[in-house]
Amino acid sequence: LATVDDIQVVLEFTGEHSAEMYGVDPRRVSPESHHRQCAAVIDTGRQLIAREANGRPVMVAEAVDVGPNEVLLERLHVPLPFRGRKRLIGGAMASARELEPCSGKRLLLFADDPQIVAAAERAQFEPLARYRLISMVG
């Protein structure tokens with residue numbers, strides 16, 4: 001789970017995610033609001049962060065309860081240089097199951113990139129529905 005020491009990584013990764021998905025970069029449009037939102041998610045213990053063995057961050061996601069036994073990995077972001085590393089990212093997704101906000105619950109994610117779909121499948125997620133985004137269950 002992310003801590004206050006991870007705020008810069010969370011700001012950067014979630015900003016990149018918003019810019020890619022919606023064409024709006026909250027780091028430029030409203031940096032103070034973006035910082036408050038990211039800090040609030042970290043404070044609630046719902047901001048996931050995955051790192052390589054050397055400590056370099058490779059993935060972030062917000063764990064959002066969407067039902068009594070379901071958690072959506074929202075705003076999941078993997079920087080472009082890491083997206084092709086299915087084993088690394090799949091391992092990070094699989095490890096999320098063990099973290100407090102996700103433990104014992106069914107995980108959902110929207111995969112908008114074939115490489116993210118492949119990593120999720122490696123982590124034993126299964127396609128649930130296919131639209132513009134692919135809903136994955138794990």
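A nonpolar core is a set of buried Ala, Val, Leu, Ile, Met, Phe, Trp, Tyr and Cys residues joined through side-chain atoms within 4.5 Å, where buried means under 20% relative accessible area with a 1.4 Å probe, protein chains only. This is a predicted model, so local features need pLDDT of at least 70 and side-chain atom pairs count only at pLDDT 80 or more, while totals for chains, interfaces and linings use all residues. Residues are numbered from 1 along each chain as its sequence is written, and side-chain values use heavy atoms, leaving out hydrogens and water. Helices (H or I, at least four residues) and strands (E, at least two) are DSSP runs, numbered from the N terminus.

**Cores**
- The largest nonpolar core holds 26 residues, and M59, L73, L76, I89, M93, L109 and F125 have the most contacts inside it.
- Two or more residues of this core come from each of β1, β2, β3, α5 (86–96), β4 (106–111) and α6 (114–122).
- A second, separate core of 10 residues includes V9, F13, C38 and V60.
- Beyond its neighbours within four places in sequence, I89 is in contact (heavy atoms within 4.5 Å) with V58, M59, V78, F82 and A119.

**Helix α1**
- Among the buried residues of α1 are I7, V10, L11 and H17, and their cover includes α2 (26–29) and α3 (31–43).
- G23 follows α1 and has a positive phi, near 75 degrees.

**E52**
- E52 is buried, because its relative accessible area is 12%.
- Leaving aside neighbours within four places in sequence, E52 touches V58, F82, R85 and L88.

Terms used. Buried < 20%, exposed > 50% of the residue type's maximum accessible area, 1.4 Å probe, protein only.
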